[in-house]
Each structure stands twice: as C-alpha cells, then as structure tokens.
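Let's take a friendly walk through a protein model, one spot at a time. Keep the picture open beside you as you read.

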Amino acid sequence: MALALALLIAVGSIVGGTVAAARGRTMNLQEWSVGGRRFGTWLFWFLLVGETFTTFALLGASQGVFSNGAPGFYVLGTVVLTAAVGYWVVPKIWRAGKQHGLVTMADYFTTRFEARWFGGLVAVFGIVALLLYAQVQLTGLSLILASLFGSEVPSLAYVVAGGVLVAGFVLVGGMRSAAFTAIVKDVLLIAILLVVAIGAADAAGVSGPLGVFDAMKQAHPSGATLPGLHGSTATNTWWWMSFLLLTPLGSFALPHMFQVSYSAKDVATIRRNQVIQPLYSLFYVLIVMIALAAVLALPKLTDKQANASLLIFVREKYPEWVIGLLGGAGILVALVPTAVLVLAASSLFTRNVLGARSKKWASSLTAMRVGVLVFTALSVLLVAHSNEKLLSIMTNVYSAVGQLAPALFLSMLWRRVTAPGLAAGALCGGLIVGVPALGSLAAHTMPPGTVVGLPALVVNLIVTVAVSLVTRPPSKAAVEIGTGDRPAGPAEAGDLRRSAVR
C-alpha cells in the first residue's frame, strides 16, 4: 500500500505538472528554458524554494544531525543567509537577463566581459558542479526508495527509473514543468514533516517534543555542542563557520540559480520572495527534532546507514500511509531539483560550448532537449560509481562552485575586474579544491577543520585582483550590465516602486 501510494503521488504530480505546463503554450527557447520570464509571486516562490528543499535538505541535514548532533544544526542558518544575499544579487541577475535576452549563467558572463571564451569556461565549470549536485539528488532518490520499500530491487534501478521520469517531464514542459510540480512537492513535504515530527516523541519513547531534547542531552551530552558526538576536527567550529560562509556565496554561483532567477516576472516578485523565504528554515527545526528522535529510537543503526536514518526511523515506527506519503514526497524532492539541474546543464552546453562554434546550436531547442537526455544519463552514471555520504558530496559541490563566487560578485561590485583575472583566480581555486595534494597544503594554512573551499577562495581572490590590475578592463557598456548603473526603464522603475511600497 505504501509503495502504491508513493508512486501514485509522484507520477500523478509529475504528469499533472507537465500537462499544466505545456497546455496551450508553444514551446520555444525562452518558454522552455526560463518559463517565458513570466513567473509571478507564487510560481516563482515554489520554484525558488524547490531548489532549496532538495534531497540534501531532507536526508543530508538529518544525516548530519544523526551522525554528529550539533554540527548538523548549520542547516538552520543556510536559508536565511542565502536569502539575505539573494535580496541584493538576484534583481541584478534578472535585470541583465531581461535587458539582453540571457538564458544561462554563461550568457551573463559572456555579455558582462565581452568574452565568449570566458562564458565557455564558466559553462564547463558550471556543468561539472551541476552534475555533482544532480548526483546528490539521485543518490537521495535511491536511498528513499530502497530504505522505505526494500532492497530487493537494486538501488541503481530506482535511480534509472527516476532519471527516465526527469527526462520525460523536462522534455515536454521545461522550466514550467518543474515549477508546477514543485507546488505539490513543497506542500506535501511540509505536511508529512509535520506528521512525522508530531509523532517523533512517541516513536522515540519520550514524552512530548521537548522530551526528545532532554533525552538526547542525557544519552549523548556532547551532541549539543561542537564538534559533536565524535569530537572530530572535521565538524568543529571552523568547519561549521566556513561551510556557512561558503553556502550563500556558492548558492548563487550555481548555474541553475541564474535560470531560475531569469524566470521571474519582475523585481518586486524577486524581492518579495527573498524576504519571506527564510520562513522555510523553520521546517529544518522539524528535521532536527526527527533526527534526534531517530538517534534515541535506533541506537544500533550504524554510521554507514546515517544517510537513510530519517527514512529507517519512519519505516520502523510509523504506519504504512505515512511511509507512502513520505515516499511520494521524497521522490518529488529528488526529481524536481534534478530536472532544473539537467535543464541548466543542457542549456550551458548547447548555448555556450557548442554555441561558441556555431550560432545555430545556441538557439536550438532540439539540441537542448537532446542534452537533457545526455546529462540525465551522466548523472545516473555518477551515482552508480559513488558511495560517498550526501554531506560529503554537498561540501564538495559548494567548495567547487564557490570558486565562481568572485566572478559573480566582483562583476557587480568592481568595475576594474577582468575576464582573464577571474579565469586565473577560478583556475587556481579549482585546482586547490580538485587536487588532494594542493588541498592538503592549503588546509595547513588555515585552522584544522576549515572546509577546503575557503583557502581556495582566498587564493582565488588574490590571483583575480593581481591579474585584473595588469589586464585590459571591459568597456563601460559591459561594466554597466553587472553594476546596474544604467537608469531603469519605465516598466522596471514601476517594479521597483511596487517593491518599495510593499
């Protein structure tokens, strides 16, 4: 019954979202890739939050708390910090996209620095980050289905089935399919988290929600402070703070966030969403409480099973209808973000890698759809050849993509920054993140526990500034694309006035 309910919810939501997205619309490049730039408050809200509430939010966060206790509490700050940064940066991204018809992150950098080669480099770097992020989602999907419904079916089969669903609904409706399906996903996820949290105390054998925290304090006193249950430098204060710093910087350097930003109707919609988005961090409190209840209820669970701790807790302590609802929500939590990730990867490759050789590729919707199939397949292969924990994969994602953060923020803040400077900085930072020997050397310059992406980012900035000062700056017109110095037009001014009033 649980499996049937989960499949009914997931497949029904995907089919319904796809039909709603495609009904009465002719799919052209703008409609398919950025939703025609017409998403209002609610649709943009669910799409933006949909890229926040992923399998990592559900499973990675609970794994962090289950394995170590307090170190996992960093999730309570990530949404708030990211929204604060987004209030300033997303309107700038949107304006550039609206004025110049941009579709991808690499389109922005190509236009901002008048350098097609730099856009291509950003595209390649971004595609790697997107594939790693998609690996997180599909790894989570395999865990959800295998943990809730048994391991008789190989976990890779679940991933392949999920990949087929992702490719199917992206091919038909593009960004709109993801947005409509995200509505069901988020409403269902909130509802099931509330149900599980309400019953968590009873399942853990304690009295009331506060009893979970009291019992945890008695059973594991070190779990409430850093570095947590195991006392490792890998989860100490420096790890905690450096990851919190990298998250908001890296969030908007992820290429798919550009395409999501382009889909908004106006600046007022964007700023309204950034103001209310931190409310979603409250639902992480539910995940924290559920994870702590799982520690109490499942004392024999091994560290290898930590990724699936929340799922095993629900499977063993809750009735079948709850398992089915969580399974359906979990499938959508994995597939909706994955859809946007492979759509963005395909757009980058088609427009900014192939498109650099021939303009016909840059505007080919057919080529982008073929790219969706290719990148979905690559994401499945990555999952098949990895057994890392979700938190480890996600740390690697933000360490890698964080090396694009200087390019994004300096393009909006420093008129003198150049494409060669940013390319040299990103290359140096990327080598530190990607080559273990360099990463180890850089780590010795920082306190133990610091995420490798932070020293890499410092080197990145130093190299960027040094090379930019000795290379030719972009033109004034190109600089204004990032800084927003050009006066707003009548329509945009109206958006700003409405935002101010609200």
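## A hidden serine

S33 counts as buried because its relative accessibility is 0%, and the cut-off for buried is under 20%. Keep in mind that you are looking at a predicted model. You will find S33 in helix 2.

What does S33 touch, leaving out residues up to four places away in sequence? Its partners are V103, M175, Q259, L343 and S347.

## A nonpolar patch on the surface

Now turn to the outside. Six names to look for are L3, L7, V11, V15, V19 and L165, which form a nonpolar patch on the surface. Together they have about 450 Å² of accessible area.

Which helix gives the most to this nonpolar patch? Helix 1, covering residues 2–22, does, with five residues. One member of the patch, L7, is found in helix 1.

## Two positive phi angles

Next, look at two backbone angles. R37 has a phi near 55°, which is a positive value in a residue other than glycine. Its place is the loop between helix 2 (29–34) and helix 3 (41–50).

E114 also has a positive phi, near 50°, and is likewise a residue other than glycine. E114 lies in the loop between helix 6 (105–113) and helix 7 (116–149).

E114, with a relative accessible area of 52%, is exposed, because exposed means over 50%.

## A cis peptide bond

Where is the cis peptide bond from L226? It leads from L226 to P227, with omega near 10°. P227 sits in the loop between helix 9 (209–219) and helix 10 (237–251).

## One more loop residue

Finally, find Q305 in the loop between helix 13 (282–297) and helix 14 (309–317). Q305 is partly exposed because its relative accessible area is 34%.

How many residues apart in sequence are Q305 and A123? They are 182 residues apart, and in space the C-alpha to C-alpha distance is 35 Å.

Notes
Residues numbered from 1 in each chain as written. Predicted model: local features only at pLDDT ≥ 70, side-chain atom pairs only at ≥ 80, totals over all residues. Heavy atoms only, no water. Helix = DSSP H or I, 4+ residues; strand = E, 2+ residues; numbered from the N terminus. Buried < 20%, exposed > 50% of the residue type's maximum accessible area, 1.4 Å probe, protein only. Patch = residues over 30% accessible without salt bridge, like charges linked within 9 Å, V, L, I, M, F, W, Y side chains within 5 Å. Areas by Shrake-Rupley, 256 points an atom, 1.4 Å probe, with all protein chains shown as cover. Salt bridge = Lys/Arg side-chain N within 4 Å of Asp/Glu carboxyl O. Contact = heavy atoms within 4.5 Å.
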